[in-house]
Amino acid sequence: MTVVYEKPQALNDMVMHYCPGCTHGIIHKLVAEVIDEMDIEGETIGIAPVGCAVMAYEYFKCDMIESPHGRAPALATGVKRSLPENFVFTYQGDGDLAAIGAAEIVHAATRGEKITVIFVNNAIYGMTGGQMAPTTLPGQITQTSPYGRNVETEGFPIHVCEMLSTLDGTAYAERVAVNSIPNIRKAKKAIRRAFEAQKNKEGFSIVEILSTCPTNWGLSPVDALGWLEENMIPYYPLGVYKDKSAEGNQEVK
Amino acid sequence: MTEKQAERVLMKGNEAMAEAAIQAGCRHFFGYPITPSTEIAAYMSKRMPKVGGTYLQAESEVAAINMVLGAAAAGVRVMTGSSSPGISLKSEGVSYLAGCDLPCVIINVQRGGPGLGGIQPSQADYWQATKAWGHGDFQILVYAPSTVQEMVNLMMEAFDKADEYRIPALMLVDGLLGQMMEPIAFPEKDLSTIPAKPWATNGHKHKREHNIVNSLCLKPDELEQQVIARFARYDIIKAKEAQAEEYLVDDADIVLVAFGATARTTRSAIDMAREKDIKAGMIRPITLWPFPEKVIQKAANTAQCFLSVEMSMGQMIDDIKLAINCTKPVHFYGRTGGMVPMPVDILGKIEELARGLK
């Protein structure tokens, strides 16, 4: 019998708490598959965030640390500087990374910390029930932007990959999405490339993953995938924003 | 530990603590510049690369303490140092360190407050250090040296005790001790006694289950049990780790209680009082948490009153009253905002109290 598909070894065999249609599960699987393919589970330390993925420390089979809100890049720095030959990744949402942890992510990137950041951008605070995030789109209705995000008063969303790619310490930055099979395949390639950048000690690597939140967007899982494609991808273009190892820096558009 | 008297060197308090940390096996320092503690970071930035260690200047005090958290979770000896306003910023991380049962050492070179305050010596972070350095039920070890030599000795002890009990340890000093120079000798440190850390998140190498360093527990009954277990450990620490020095306490009518730099001027005041035939003595807490309650209780059997001398508006005085259950009067003399109580001023208070005794 030929095995054509199986659960990645780097994920524990347990029921995840994510809402139906949430794409965190897909992203967990992709990260775990990369860990399996590179055979680095025993050398990897993951940092879980505060947010929907707070329980990620239960799901990944590598050693895990649960971080204070937004501080995962600082924790990862402490781990990596102590264990420079190990692999260290953070798994962070948009509120965690781009709001309360904005200082930590920018400085980890500019220091060129040899860590890999999995940044899940679903344009909303999921765990607390759907409040405005730093990546909430202009006009998007959330619990704390009930009339739609007004850029005059709430300001503009942060383009994380664009911002971090300007920093010399960033070796690799790519934005992907998990709304379709081809995009999921591209997302996995990006995650693999980011871990390779860490392995080759190129510097800081980040993969921003556009993700859905059907529960707090108030959409069915299928409609949420469509909303992502129609609204998020035009505002947050997919592609490689920085790849130090490639010839020149590939720019999107 | 035996002190090598032949190798005495003259060092500033802040630098002596930094060197003691390195000799205690600490190879990771994460910090942020702030007066009057900056010599610690400057010394580490010079020394760490020469001993194969890491000095990293963080983007903030918040990041620095979280880098400490990461390194502590990875199982290495790690520390940070700061001063009062910076210490407040670290409070989130300290609560998480305590909740994750992680060992580390933190130095607070206290300055006057609140707010930005001043940059002169203070002891006004006593409450913060011993009672409320962050959210939730927790304690940390608090050491209060009063000489540069003791800063060295306690720094080394702090790393050992932090590892032994899996608890953060604080060196609570002040700008006066941090900036002063005294001749010191570094004890020979046996690093073979550093305990193994099987709980560390350092990569399982497929030889064990995955380790998780975590303070989240959503089930209230389980979280309660975790906290109760931690407090059982605190009880052991209280029974075994409280330290104090007694100076002329046995026959003292008036027992002064003072720690850190204040204990130095208090000692001089007591000598002056004795010359005037006033029976004064001093208890000098060396650990502030655990507070040396038993030594204070014993003194309450013979003393007629106590006098707490502090560089604050009076914070430790509460712990003295609690230790003796208010069975004797506890008076206060203190200066704050960066002012240091002088021996003659403390003597004045002693004389005032002596006049009121039978």
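Let's start with helix 3 of chain A, residues 72-82. Eleven of its eleven residues are buried, so the helix is largely enclosed by the rest of the structure. Buried means 20 or more other C-beta atoms within 10 Å of the residue's own; 12 or fewer is exposed, in between is partly exposed, and C-beta atoms are placed from the backbone. Among the buried residues are A:Pro73, A:Lys80 and A:Arg81.

Some housekeeping. This is a predicted model: local features need pLDDT of at least 70, side-chain atom pairs count only at pLDDT 80 or more, and totals for chains, interfaces and linings use all residues. Residues are numbered from 1 along each chain as its sequence is written, while chains are lettered from A and ligands numbered from 1 in the order in which they are written. Helices (H or I, at least four residues) and strands (E, at least two) are DSSP runs, numbered from the N terminus.

Eight strands form an open, mixed sheet, in the order 7(A)-5(A)-6(A)-4(A)-3(A)-1(A)-2(A)-9(B). Strand 7 (239-243) of chain A and strand 9 (212-213) of chain B stand at the edges, each with a single partner strand, so one side of each has no neighbour in the sheet. Pairing needs at least two DSSP bridges between two strands. Strand 2 (residues 63-66) of chain A pairs with strand 9 of chain B in the parallel sense, over two bridges. There, A:Met64 has B:Ile212 as its bridge partner.

Next, the two chains. 27 residues of chain A are in contact with 32 residues of chain B; contact means C-beta atoms, placed from the backbone, within 7 Å. Which element gives the largest share of the chain A side? Helix 3 of chain A, with eight residues. That side divides into 13 nonpolar, seven polar and seven charged residues. Ala, Val, Leu, Ile, Met, Phe, Trp, Tyr, Cys and Pro count as nonpolar, Asp, Glu, Lys and Arg as charged, and the others, Gly among them, as polar.

Last, a helix pair in chain B. B:Thr265, B:Thr266, B:Ser268, B:Ala269, B:Met272 and B:Ala273 in helix 10 of chain B meet B:Pro343, B:Ile346, B:Leu347 and B:Ile350 in helix 13 of chain B. The residues of that contact divide into seven nonpolar, three polar and no charged.

Methods: Two residues are in contact if their C-beta atoms, placed from the backbone, lie within 7 Å.
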